[in-house]
Structure formats: structure tokens, C-alpha cells
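Student: I am new to this structure and would like to learn how to read it. Could we go through it feature by feature?
Tutor: Gladly; here it is.

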Amino acid sequence: MSAFCLPILLGLAGTWLPACGYLPVIGATEPTFNGFHQLFDYPGFSGAMRATLVSGLGATVLALAGSLCITVYTYGTGLWRFIVRLLSPLLAVPHAAFAIGFGFLVAPSGWLVRMVSPELTGVTIPPDWLTIKDPYGLSLTVALAFKEIPFVLLMCVSGLNQLDVRRTTWVGRSLGYSPVRIWTRLILPQLYPQIRLPVLAVLAYSLSVVDVALILGPSVPPTLSVLVDRWFNNPEVAQRFVGAAGATLLFVLVALTIGCALFLEWLIVRLTSERLVNGSRSTMFERLRWLGSGAAIVMLMISLLSLLVLIIWSFTQVWRFPDSLPSALTAKYWLKGFPLVSEPLLTTLGVGALATFAGAILVIGCLEYEVHLKRQGRKVNSQWSLWLVYLPLLIPQIAFLFGIQTAAVSIGIEGTWLSMVGVHLIFVVPYVFLTLGSFYRSYDDRFMQVAMSLSGSSLGSFFRIKLPMLAKPIAFAMATGFSVSVAQYLPTLYLGAGRFMTITTETVSIASGSDRRVLAVYALCQFMLPMLVYCVAIFLPAWIFRNRKAMQN
């Protein structure tokens with residue numbers, strides 16, 4: 001797992017050196033900080049920093065608050081079980097596709113305004129509202145928050161599976177604690193350490209996202225990550241120094257915010273530790289139970305409406321404002337667009353499948369090595385392994401992808417399948433590990449002991465007993481890894497060298513100026529590919545083990 005982090009360290013070094021003026025390929029060998037001077041003197045630098053901090057910090061706080069609110073107030077209810085079932089399709093929606101649907105929904109001429117106009121608003125032409133691409137990045141903040149809530153909820157589900165929630169609730173109720181107080185005093189202090197790293201990953205992603213910021217974020221000036229991407233792709237080679245300086249600053253910014261988040265967590269623990277044992281049995285938040293169901297319903301409705309408006313626009317021929325629905329429908333945009341996206345879809349499928357299979361093999365190998373160490377009675381530092389796994393998610397992509405691209409160009413592998421699959425693997429492995437790890441570690445090893453005692457072959461027992469028993473979580477983890485590969489924009493852009501066009505790069509590239517109907521077709525194609533893989537991961541094991549009732553759990 002440590003070797004897995006070497007490309008990231010190499011990429012960081014390849015970015016930091018140009019930030020200090022060292023780029024021998026263009027003859028720059030004298031250390032200088034002109035890149036940082038140009039960065040700080042850029043006219044829109046302060047606005048870019050403001051939009052970055054507002055969207056990054058705001059999205060993280062909203063995602064965490066919404067997820068915990070839903071978990072605390074709906075856990076164990078029918079709504080909670082319904083939400084858990086919907087997590088797979090919600091996670092299958094790529095960030096870019098969700099951003100496009102969200103933009104179609106909340107734009108001044110969007111579906112929400114159309115549904116209440118002119119009866120409630122009195123408007124007959126699109127109002128002059130800045131509901132997307134606002135200078136503070138508020139629309140970007142809200143979209144990121146809604147998209148990250150399902151991920152944080154999935155991590156909450158995984159963390160709760162490692163806690164004895166039912167017994168803790170029994171103990172709390174026997175002591176007279178109210179349901180919400182049981183969560184705030186007994187369960188959340190145990191749950192948050194389980195989701196700390198996912199929350200920090202959401203923070204790092206929200207501060208450095210590029211594709212969603214291109215679609216919904218401000219444009220004059222854009223967020224810092226978008227500025228850095230523009231400088232790196234500027235035809236003028238000298239702009240690489242400014243881009244490297246901006247990428248380095250973004251890395252420092254993310255590191256500082258993660259440090260502040262950890263310090264804030266420590267401070268809250270210190271300030272509230274005495275209150276945990278003060279004997280208070282009830283809380284004012286008991287009256288706010290509607291918040292949980294309300295947050296869950298809003299999250300589900302926004303996700304559903306964002307997908308539904310994409311479907312409507314993809315079949316629209318005429319949809320005049322302020323009509324609630326199109327006056328004429330057609331399938332011609334699908335008939336014209338699908339042949340155009342067939343090649344990007346095949347490329348996406350090929351890269352995603354190779355990266356996912358390679359990632360699953362690596363993760364299963366690492367987890368099986370942990371089992372081997374435990375059988376030998378050796379201690380496994382799972383917390384250190386977890387930090388290593390999360391490293392690619394805690395570092396801004398743009399902070400090390402330029403360095404990896406430079407290294408790939410030097411050794412002549414840029415724009416090859418090897419470089420594409422390898423760079424996608426960096427981001428696929430963490431998610432496969434996170435999705436599969438808890439299930440793999442909770443596997444009852446006595447099944448393997450019995451199998452080995454009967455067959456005498458540990459390898460045969462592994463393939464004939466353990467892998468089939470873990471088929472469902474492995475399939476789900478691979479589906480998650482595939483959806484992560486589909487959503488990769490910057491890695492494909494930087495390592496593809498223009499030779500690889502995936503559905504994500506094509507969707508983002510046409511998002512700013514294309515016809516809404518064409519854009520809806522591209523966004524839906526981007527969504528359907530991971531959704532299809534999720535369906536296969538759910539239904540294929542169920543069909544294979546249809547005659548084995550115990551394997552259905």
C-alpha cells in the first residue's frame with residue numbers, strides 16, 4: 001500500500017519544482033518564485049480564493065450536517081431503509097451529470113421556476129436571477145452538498161454496522177435518555193471517528209473540484225482549481241509556472257483546512273467531554289425530528305428532479321418558457337447523439353473495467369494479507385493503512401496530476417492505455433477498499449479453517465468458499481470503483497494527451513455552450529453506464545445464488 005502512494009509523491013514533486021521555477025524541459029534551471037508573484041498579482045486571485053473557500057467549506061458543512069441529521073432522526077425507520085436502498089443509484093450519478101441536471105433545475109429558466117410560473121411568480125420571461133454561476137459560488141456549494149450527502153450517508157451506514165447500535169439504544173433507554181440524547185451522547189461520539197476520513201475527503205474534493213466548478217461555479221473569476229487548470233493548459237509554456245504555484249497553494253490550502261478541521265474536532269471534544277456525563281436526559285433537539293425526514297425528502301427530491309429534468313430535456317423538441325412541460329417531444333437527439341457518444345462510451349467502459357478489475361485484485365490482496373498476518377498473531381496497523389488509502393482523496397488532484405503527466409511524458413507513456421488505467425487506478429483503489437474493507441474484515445474465518453481442513457488447500461478454499469461467500473460485497477465494491485473511474489475528468493484530461501475521449505470529458509467540454517437537449521443526452525449516457533454496472537452487481541449475485549437462501553443476506 002505504501003508503494004501505491006509513490007506516484008502521488010512523484011506527482012507532487014513534479015508540481016513543486018516548477019512552482020519554484022525549475023522546469024529543465026523548457027530551459028528553466030534557476031530557482032525563482034516568479035510564479036507565486038504572478039499568482040498573487042492576478043486580478044481575480046482574491047475572488048477565486050473566496051469562491052473556493054465558500055464552496056469547499058460550505059459544501060462540507062452542509063453535507064456533514066445533512067447526513068448526521070438524516071441518520072439521527074430517521075435511523076431504524078422505514079424512511080431510513082428506503083434511503084439505504086437508494087444509495088446505490090444516487091452514488092451511480094456522476095458529479096458532472098448531477099451538476100448539469102441541477103443547473104437545469106435551478107437556473108432562472110429552469111424547471112423549478114417553470115413549475116410555479118406565471119401563477120405564483122407572475123413572470124413570463126426568465127427572471128434576472130443569479131441562481132447559477134454566482135460570484136460567491138453558492139450554487140456550486142449547494143450542488144456539491146446534495147451530491148456528497150449520499151456518500152457520507154454510505155460511510156455512516158458502514159460505520160454503524162461496526163457499532164452495536166441496538167444494544168447501545170437499549171442501555172440508553174434503560175437509563176432514561178431520550179432517543180436524540182442517546183445519539184448525541186452515546187452513538188455519535190463512536191460514529192464520527194469512523195467517518196472522519198470520508199468527511200476530510202469530501203472537504204478536499206469540494207475545495208479542489210474542477211468539472212462541477214466549470215458547470216456551476218463562477219466564471220469571472222472562477223475557483224482557484226479552475227484557474228490552475230486553465231494555466232496548465234495554456235498554450236504559453238511560461239504559464240506552467242503560475243499553474244504550478246497555484247496548484248501548490250491549493251495543496252497548502254487543503255492541508256491547512258484539514259488541520260483546522262482536526263483541531264476543531266479536538267477542541268469540541270475537550271469542551272463537551274464533561275457534558276457527556278452531566279446526567280441530562282433530554283434535549284431541545286428532540287422537538288426537531290422533522291428536520292431529519294425533511295432533509296432526507298429534500299435530498300431525494302432534488303436528486304430525482306435533477307435526473308428527471310435531464311430525461312425530459314433529452315426528448316424535448318419545443319419547450320417555451322414558462323411552460324411546465326414541453327409542447328413537443330422527439331427522439332431525434334438520441335438518434336443523432338448516441339452514435340457520437342458510442343466511442344467515448346466504449347473508451348470509458350474499457351478504462352473503467354481494466355482499472356476496476358486491477359483495483360479489486362489489489363484490494364483483495366491487501367485485505368487477504370491482513371488476514372494472513374492475523375493468523376500468524378502479528379498486529380495489523382489498520383489505521384495507518386486507512387490513512388494511506390485515503391491519501392489520494394485528501395490531496396487535490398490538480399496538485400499532483402501535472403507532475404505525473406510530466407513524468408509520463410519523460411518516459412514516453414503519456415496517452416497510452418497503461419497511463420490511463422494507471423492514473424484511474426489511483427482513485428479507484430481507495431473507494432474499492434473503503435466499500436469492501438468492512439465486509440471483508442467481518443468475514444468469519446472459521447469457514448476457511450473448515451474448508452482447509454477438508455481440502456488441504458488454502459488457495460482452493462479461497463476460490464471455492466471465501467470468494468463466493470463475499471461475491472455480493474465484492475461486486476458492489478467493483479461497481480463503486482467503476483463509477484469512480486467513469487467520473488474522472490482531470491486524470492483523463494492530463495494523462496490522455498487528447499487521444500482518449502471519455503463520456504465525462506466530452507460532457508464537461510460541451511456543458512458551457514451546447515444545446516440543452518444534446519447536453520442532456522450526454523449527461524444521461526454518463527449516468528447510465530455506472531447505473532448499468534450497479535444493476536449487474538446487485539442482481540447477478542442474487543440470480544446466481546437464487547437457490548441458496550443464506551447467501552441472499
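Student: Is Asp444 buried, partly exposed or exposed?

Tutor: Start with the general idea: buried means under 20% relative accessible area, exposed means over 50%, and partly exposed lies in between, using a 1.4 Å probe and protein chains only. Asp444 is partly exposed, because its relative accessible area is 28%. Before we go on, this is a predicted model, in which local features need pLDDT of at least 70, side-chain atom pairs count only at pLDDT 80 or more, and totals for chains, interfaces and linings use all residues. Residues are numbered from 1 along each chain as its sequence is written, and side-chain values use heavy atoms, with hydrogens and water left out.

Student: Which residue does Asp444 meet in a salt bridge?

Tutor: A salt bridge is a side-chain nitrogen of Lys or Arg within 4 Å of a carboxyl oxygen of Asp or Glu. Asp444 pairs with Arg446 in this way, at 2.7 Å from N to O. Arg446 counts as exposed, because its relative accessibility is 57%.

Student: How many salt bridges are found in the whole structure?

Tutor: The search finds 6. One of them joins Arg167 to Asp164, with the closest N and O atoms 3.5 Å apart. Arg167 is exposed, at 54% relative accessible area, whereas Asp164 is partly exposed, at 41%.

Student: Where in the chain do Arg196 and Glu265 lie?

Tutor: First, how helices are named: helices (H or I, at least four residues) and strands (E, at least two) are DSSP runs, numbered from the N terminus. Arg196 and Glu265 form a salt bridge whose closest N and O atoms are 2.8 Å apart. This pair links distant parts of the chain, with Arg196 in helix α9 (residues 179-208) and Glu265 in helix α12 (residues 239-272), 69 residues apart. Arg196 and Glu265 are both buried.

Student: What does Ser225 touch?

Tutor: Contact means heavy atoms within 4.5 Å. Not counting residues up to four places away in sequence, Ser225 touches Ser208, Val209, Val210, Leu250 and Ile398. Ser225 lies in helix α11 (residues 224-232) and is buried, with a relative accessible area of 1%. A polar atom of the Ser225 side chain lies 2.7 Å from the backbone oxygen of Val209.

Student: What about Arg517: is this residue buried or exposed?

Tutor: Arg517 is buried, because its relative accessible area is 17%. The residue lies in helix α23. Setting aside residues up to four places away in sequence, Arg517 touches Trp313, Ser314, Thr316, Gln317 and Tyr333. Its side chain has a polar atom 2.7 Å from the backbone oxygen of Gln317.

Student: Which residues line the second largest cavity?

Tutor: They are Val93, Ala97, Phe98, Ser303, Ser306, Leu307, Leu310 and Phe527. This cavity has a volume of about 50 Å³, and α13 (290-314) gives the most to its lining, with 4 residues.

Student: Which helix gives the most to the lining of the second largest pocket?

Tutor: That is α7, with 6 residues. The pocket holds about 940 Å³ of space. It is lined by 32 residues, of which Val84, Asn161, Phe439, Lys472 and Phe476 lie nearest its centre.

Terms used. Polar contact = N/O pair within 3.5 Å; in protein donor to acceptor, adjacent residues only side chain to side chain. 1 Å grid on protein atoms, 1.4 Å probe; cavity = no way out; pocket = protein on both sides within 12 Å on 5 of 7 lines; lining within 4 Å. Points joined across faces, edges and corners; volume = space filled by probe spheres on them.
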